[in-house]
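Here is a briefing on a model of protein chains with DNA. Look at the structure below first, then read on by topic.

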Number of protein chains: 2
Amino acid sequence: MEQQVRQQRCPTLKDVSAQAGVSIKTVSRVVNGETNVTPALAERVRAAVDSLGYAPDPLASRLRRGRGPIGAVAVVVEDVANPFSAVMHRAVVDAMAARNVVTLSASYDKDPGGERAAVLAFAGRRVDGVILMPTTADHQWLDRLRETGTQIVLVDRPVAGLQTDVVMSDHRAAARRATIHLLRHGHRRIGFLADAPDVHTAAERLAGFDEALRAAAVAARDGLVHEELLGTGEAEQAAIDLLTGEDPPTALLAGQNLLTIGAVRALRRLNLHHRIALVGIDDIPLADLLDPGITVVAQEPERIGALAAQQLLGRIAGDHTPATPHLVPTQLIPRGSGEIPGPFLNAANTPEVSAVEQSQPHF
Amino acid sequence: MEQQVRQQRCPTLKDVSAQAGVSIKTVSRVVNGETNVTPALAERVRAAVDSLGYAPDPLASRLRRGRGPIGAVAVVVEDVANPFSAVMHRAVVDAMAARNVVTLSASYDKDPGGERAAVLAFAGRRVDGVILMPTTADHQWLDRLRETGTQIVLVDRPVAGLQTDVVMSDHRAAARRATIHLLRHGHRRIGFLADAPDVHTAAERLAGFDEALRAAAVAARDGLVHEELLGTGEAEQAAIDLLTGEDPPTALLAGQNLLTIGAVRALRRLNLHHRIALVGIDDIPLADLLDPGITVVAQEPERIGALAAQQLLGRIAGDHTPATPHLVPTQLIPRGSGEIPGPFLNAANTPEVSAVEQSQPHF
DNA sequence: CTGAAAGCGCTAACAT
DNA sequence: ATGTTAGCGCTTTCAG
């Protein structure tokens with residue numbers, strides 16, 4: 001027996017108008033809630049709509065209507081499951097929902113091709129704007145996209161050579177802050193776990209680390225920096241290598257939430273979690289329940305999301321002021337792991353350290 | 001000074017054809033990679049496309065082409081940031097990417113209206129199908145949506161009265177398993193933290209809990225079950241109430257990942273984490289790094305996502321076999337918290353308990 | 001091989 | 001207050 005049709009044509013305006021015995025435009029008016037329709041007719045139309053299960057085709061509508069907001073934006077991030085992205089995403093959803101805008105999203109998961117595909121898919125579907133956490137790769141196509149009217153706001157990091165709105169933490173200050181915290185607690189040999197340096201975020205954080213060391217006149221970071229770490233597993237291995245090598249560090253600084261988790265795992269395995277200090281950049285869930293609690297420099301993802309949403313809505317509404325980077329401050333949260341004392345505890349409060357700590361965010 | 005135009009019309013086929021000096025259709029052919037175009041012409045067209053930055057409008061294309069897959073699906077869940085949803089989502093993205101399908105997504109965050117809005121937004125944007133984690137509310141509109149050709153696969157829980165594909169864990173068996181584990185370790189008074197019972201998931205888990213207790217001839221759950229718990233905070237409070245009340249339980253069973261975290265917090269605050277047993281349903285990140293490690297009955301979100309994706313792709317490709325529920329087994333992972341002994345440790349290996357444990361998943 | 005015409009579902013601009 | 005016409009950007013159908 002042959003399979004029956006799946007060619008289940010959805011009803012169109014024309015179908016409804018035939019059923020209701022009115023013109024196509026009258027139906028359109030009723031559906032769009034325009035005035036100037038006799039209640040009796042409107043009722044008849046409504047009945048036909050219901051009986052046929054008619055739903056307007058927003059794409060055809062948009063096609064004819066031409067440009068203009070359509071009430072949908074998209075969030076495109078590396079991984080919506082990452083705690084940072086998740087909270088940021090949630091803030092965007094909330095801000096948009098309050099204005100009756102739906103928020104769609106996509107993860108590209110380390111694949112720059114996926115990033116492009118996702119953004120273009122959304123743009124093709126005519127979202128009003130995109131909040132994008134960009135990868136490091138080429139973004140020529142972004143420029144072109146903007147020319148076609150899709151608004152873009154970047155989060156977490158800028159794109160080199162692209163003048164766009166961007167909302168992000170002051171990554172450099174965050175790393176500086178974390179480093180100073182460790183210096184103050186008497187550490188001089190600090191291992192740094194970082195991801196790929198071609199990501200702006202990572203580069204900034206490394207720069208902050210170096211700045212703080214230099215200002216405190218602490219020389220060597222040689223051999224203490226592991227870059228290109230791709231995830232929890234690699235960070236764990238890198239930390240183990242550092243701690244079991246020659247002249248190991250007395251403290252660890254993890255450049256990102258996933259790397260922090262790797263560091264925690266490594267310290268556990270070596271049973272050093274009460275002896276080696278650890279500060280993570282980015283907060284991690286349950287950090288306060290671990291033993292010791294994990295000291296972090298936390299970003300404010302909800303604030304970043306809210307600001308990005310606000311900025312995007314402004315652009316969609318026609319704001320044409322020049323693109324501005326927007327830096328959101330970070331906050332150090334001491335929970336125990338970062339306060340484990342190092343060998344130089346007494347010498348720690350050097351003027352240099354204090355001086356750096358008071359330095360303002362760079363703009 | 002007046003703001004300059006933003007009316008930056010995107011180039012159309014017509015623009016390209018004018019620039020290249022060919023007909024509109026020829027451009028269309030080149031863009032769509034059809035054969036039967038003279039290389040010379042094709043080259044001219046390609047040049048024009050590049051110089052104008054032309055990008056085809058997939059919506060207009062779809063409008064004319066009529067129905068047919070478009071290479072995009074959507075995942076709509078309560079909260080993409082929930083660890084379960086996040087991993088499931090990721091599995092879908094991977095499965096789809098392998099077939100060159102982009103995956104869009106949305107969270108509705110406890111708001112059934114948001115759920116509907118998101119699904120309809122995607123459907124309106126003509127995704128080929130939707131993977132949906134449904135709320136408990138009415139889903140009439142889902143039926144109608146399917147009539148218009150949007151394929152739907154449910155995950156994590158079914159919708160009452162709706163015959164659709166659904167991929168989910170055997171929640172009842174999971175709860176039974178967890179309960180038996182605690183019984184076997186000598187617990188008879190087990191506190192159960194559950195969320196809203198009108199969510200199928202929660203109801204099934206409570207049923208599994210009851211089944212195990214009944215089979216083991218353990219009477220009272222009276223006063224030991226807290227339902228309607230909405231999140232970590234409420235679960236923490238409920239656990240504290242249980243443990244500081246009259247005749248407190250010697251073990252806790254948490255019906256869901258967020259509730260498990262609440263339970264952990266409560267035990268910490270009361271300093272009972274080494275004396276009161278805890279088993280969570282759903283795995284939680286870092287569960288192994290806590291002290292004690294958290295024993296859980298873990299789902300397999302990656303498998304659920306992969307199966308849902310496969311099922312959806314099948315439907316999109318025209319599979320018309322009847323809708324089938326698909327149960328994915330769960331797995332108990334002992335990590336310490338669930339093995340804290342209770343007062344009845346010696347009497348634990350009753351035949352009843354063993355009998356239940358061997359019962360098969362219900363289908 | 002290439003092009004002209006018709007129309008997908010909808011709405012803006014005019015009629016009536 | 002309602003209907004008619006034209007056309008959004010594209011592809012199909014059918015002629016050249």
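Of the 24 residues around DNA strand C, those that come nearest are A:Leu13, A:Tyr54, B:Thr26, B:Thr38 and B:Arg64; a residue is near a strand if one of its heavy atoms lies within 4 Å of it. Sugar and phosphate make up 62% of the atoms of DNA strand C within 4 Å of the protein. This is a predicted model: local features need pLDDT of at least 70, side-chain atom pairs count only at pLDDT 80 or more, and totals for chains, interfaces and linings use all residues. Residues are numbered from 1 along each chain as its sequence is written, chains are lettered from A and ligands numbered from 1 in the order in which they are written, and side-chain values use heavy atoms, with hydrogens and water left out.

**DNA strand C**

- A phosphate oxygen of DNA strand C sits 2.5 Å from an N or O atom in the side chain of B:Thr38. A polar contact is a pair of N or O atoms within 3.5 Å; within protein, one must be able to donate a hydrogen and the other to accept it, and residues adjacent in sequence count only if both atoms are side-chain atoms.
- Bases of DNA strand C are also contacted. A polar side-chain atom of B:Arg29 is 2.9 Å from a base nitrogen, and a backbone N or O atom of A:Ala60 is 3.4 Å from a base nitrogen.
- α4(A) gives the largest share of the surface near DNA strand C, with five residues. Helices (H or I, at least four residues) and strands (E, at least two) are DSSP runs, numbered from the N terminus.
- By class, this surface has eight nonpolar, eight polar and eight charged residues. Ala, Val, Leu, Ile, Met, Phe, Trp, Tyr, Cys and Pro count as nonpolar, Asp, Glu, Lys and Arg as charged, and the others, Gly among them, as polar.

**DNA strand D**

- There are 25 residues around DNA strand D, and A:Thr26, A:Thr38, A:Arg64, B:Lys25 and B:Tyr54 come nearest.
- Two side chains of chain B reach phosphate oxygens of DNA strand D. An N or O atom of the B:Ser28 side chain is at 2.9 Å, and one of the B:Asn32 side chain is at 3.0 Å.
- A polar backbone atom of A:Arg64 lies 3.2 Å from a base oxygen of DNA strand D.
- Four helices each supply at least two residues of the surface near DNA strand D: α2 (24-31) and α4 (58-65) of chain A, and α2 (24-31) and α4 (58-65) of chain B. α4(B) gives the most, with five residues.
- The classes here are nine nonpolar, eight polar and eight charged residues.

**How chains A and B pair**

- The same surface serves both copies, as 98% of the contact residues of chain A recur in chain B. Contact means heavy atoms within 4.5 Å.
- Chain A puts 54 residues into the contact, and chain B puts in 53.
- About 4,900 Å² is buried between the chains, and carbon and sulfur atoms give 60% of it. Buried area is the accessible area (1.4 Å probe) that two parts lose on being put together, summed over both.
- Two salt bridges are counted between chain A and chain B. A salt bridge is a side-chain nitrogen of Lys or Arg within 4 Å of a carboxyl oxygen of Asp or Glu.
- A:Arg265 and B:Asp288 meet in a salt bridge at 2.5 Å, N to O.
- β2(A) gives the largest share of the side of chain A that touches chain B, six residues.

**Within the chains**

- Over all chains the count is 30 salt bridges. One of them joins A:Arg46 and A:Glu43, with the closest N and O atoms 3.8 Å apart. These residues are three apart in helix α3 (residues 39-52) of chain A, so about one helical turn separates A:Arg46 and A:Glu43.
- Most residues other than glycine have a negative phi, and most peptide bonds are trans.
- The peptide bond from A:Asp291 to A:Pro292 is cis, with omega near 0 degrees. A:Pro292 is in the loop between β9 (277-281) and β10 (295-298) of chain A.
- A:Glu228 is not a glycine, yet has a positive phi of about 65 degrees.
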